[in-house]
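This report describes strand pairing and domain layout in the structure shown below.

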Amino acid sequence: MKYIGVGISGGKALGRAIVFGHEKIARSNNKAIKPEAEIKKVSFAITALIGEYNTIIDKGIENSEIVSLAEAYKMMISSPSLCEEIKDLIKGKKYDAVSAVEQVFNSKEKELSLLGTAYARERAVDINSIKKTIIRKMLGIKDDDWSNIDYDFILVSKEVTPSMLLSVNHKHIKGIVSEVGSKTSHVTIIAKSIGIPVVFNVEEVHRIIKNNEILYIDGSEGIIINDIDSESLKTFKEEIEKYDALCSNLKEMLEKQAKTKDHKNYEVAANVGEATDLERVININADGVGLFRTEFLYLNRDNPPSEEMQFNICRSFATALADKKVIIRTIDIGRDKKAPFIDIPPESNPFLGYRAIRYCLDNRDIFKTQLRAILRASKYGNVMIMYPLISSIDEVRNANAILREVMAELDEEAIFYNKEIKIGIMVEVPSVAVMADLFIDEVDFFSIGTNDLVQYTMAVDRTNSKVKELYDPFNPAVIRLIKKTIDSKKDGKFVGLCGEMAADPRYIIILVGLGLDEFSVNVNSVLKVKKYISLLNYEECKRIVDHILTLKTGVKVESYLDSYAKEAFNKYLDL
Amino acid sequence: MVKRDVVVNLITGLHARPAANLVKMANKFVCDVTLLHNKNEINAKDIWEVLNGGIENGDGLTVQCNGKDELMALDEICSYISNEEVTQL
């Protein structure tokens, strides 16, 4: 059976399922009769757990993420103030060991949740997971010992906690599947650093999957498959082998430029949506950041982020990437992904409503703070500003007027910034694409946002299953708009494209042929896109585009490209 | 007693691992290490106090050290928190 979830970390793997159960911990809520005995129980459990963390730390596991997490957890449970609080409850209020631990950890968890930032909320998850581990130890619940597993396994649970990851043998963990999970959790961070696939949002997965059964996981597609017969097992094994071979093959692209066989160069930059993505962008040696989504700074928090915080994060990227581009897109929020402190009333059609630049032009305080932070960071590297959802020339001019105001303020305060900072816009509304030859005079660059461009061109909501067939990036109208945008380039300005299409091998043929300057894709796809480009010939792609422009339907375009892609990319199509 | 104002420059603020690093560092010294942040006094040697301080990237705070090795402690802790090399994640 195949189950669909959300892929969080890419890769393919096979392994035996280890299903962590979540039985309720049954216990009586007794008053402690002998406080001394209860205190002993707590210290035994804590000492035992410290011992386990020490083993992880001392083992010198190669993965530094795991070690530093174990160190942080160890520090939390060996804190003297924590132990005092627990003891006080047992001695003073006659709590039993379990209730005391529960009470103290719950209040810590609550305090952290109240801080109202996404990171703090994630840490509350950590605390909950430590609490449960200690309580199970005190109740003498013997967890199955997974620390010596010597076969490849896939961890399955309703929610995979960092503690679970610390208690298994890391050499053999091949994947993680759960119903609940978040992409900023420690579990995700660790999985990405080990390089194993992760799939979240698989409903009831801990009930569906049986312990020890063989499981196939594909983190790029976001699927898991069980009930595997011997024939498909063979196929999966071959697929994984092929995939692994191709991936290690791709490493050769790390130091290479994206260049076609006939020596035309392209840039392949990365899309970023978390502060912690920086390390991955550097490791993959991307040609900068083509799309810095700033929404993560605003979502999941109760108050606006400070200018200093935004500045620091932008500066970290600017400094670390030196002369490579860092294209920062200003806030792109709307009713569909709103921040708690941003008041956008319900709308019947948020995608056509009050969002992104439209909101910013009206709410100048938030916009100006962001622009200030970006401008201040611009002196540390090659930072550029990009406005989202532009639909008219006036909006560009109004946004630039605000930018000039902010610049004047900085000048007055004698704060340095790059006065020549490049300003660009997202091309995602057809009204901009059809008039790209006039828009180009107003800006330094375009970045085509294909997801929205397709949606707005075809007038289709792709999350609506009744009409999603109409969402077709290969529709000739979409291709013409992209062509028009790229053709409008002049005076040393450039055109990039950020969106899923930039990583689609068939679309890459079109974009190479159209002479796109910069592809901006997820960090995971950077090497792949470089590889695809290196297998193409610019002059030939130009001829393909010429032919495609004579085709009248998306289906025709797609099938023509399909057959060409098979020939050009061959085995690399499986990536 | 010595003190110095710094701006936090740790990409995720003082959460979990950076907090653990700071606490480990503070505990190497015999002096008291206190962080003054939003009118809170945070004992930098206690991980729970640091975590609950809700200190974010970009926040300003005062590091205060009091004891025998206060000068060394102040230098090391301030340079960790304000992290000029920026690549520290």
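In this predicted model, Val2(B) has Cys65(B) as its bridge partner in E4(B). That contact belongs to the antiparallel pairing of E1(B) with strand E4 (residues 60-66) of chain B, which extends over six bridges. Both strands are part of an open, antiparallel sheet of four strands in chain B, ordered E1-E4-E2-E3. Its edges are formed by strand E1 (2-7) and strand E3 (40-43) of chain B, each of which pairs on one side only. On average, and with direction ignored, neighbouring strands of this sheet are turned by 25 degrees against each other.

Chain A is divided into domain 1 (26-138) and domain 2 (262-574). The centres of domain 1 of chain A and domain 2 of chain A, taken over C-alpha atoms, are separated by 45 Å.

In chain A, strand E17 (residues 518-522) is mostly covered, with five of its five residues buried. E17(A) pairs in the parallel sense with strand E10 (residues 265-272) of chain A and also with strand E16 (residues 494-498) of chain A. Within these pairings, Ala270(A) stands opposite Val521(A) in E17(A), while Leu497(A) stands opposite Phe519(A) in E17(A). E16(A) and E17(A) also form a right-handed β-α-β unit together with helix H19 (residues 505-514) of chain A.

| Strand pair | Sense | Bridges |
|---|---|---|
| E10(A) and E17(A) | parallel | five bridges |
| E16(A) and E17(A) | parallel | three bridges |
| E1(B) and E4(B) | antiparallel | six bridges |

Methods. Residues numbered from 1 in each chain as written. Chains lettered and ligands numbered in written order. Predicted model: local features only at pLDDT ≥ 70, side-chain atom pairs only at ≥ 80, totals over all residues. Domains from an automatic or database assignment. Buried ≥ 20, exposed ≤ 12 C-beta atoms within 10 Å, placed from the backbone. Helix = DSSP H or I, 4+ residues; strand = E, 2+ residues; numbered from the N terminus. Pairing = 2+ DSSP bridges. Right-handed = clockwise from strand over helix to strand, strands pointing away. Axes fitted to C-alpha atoms, helices over the stretch in contact; angles between N-to-C directions.
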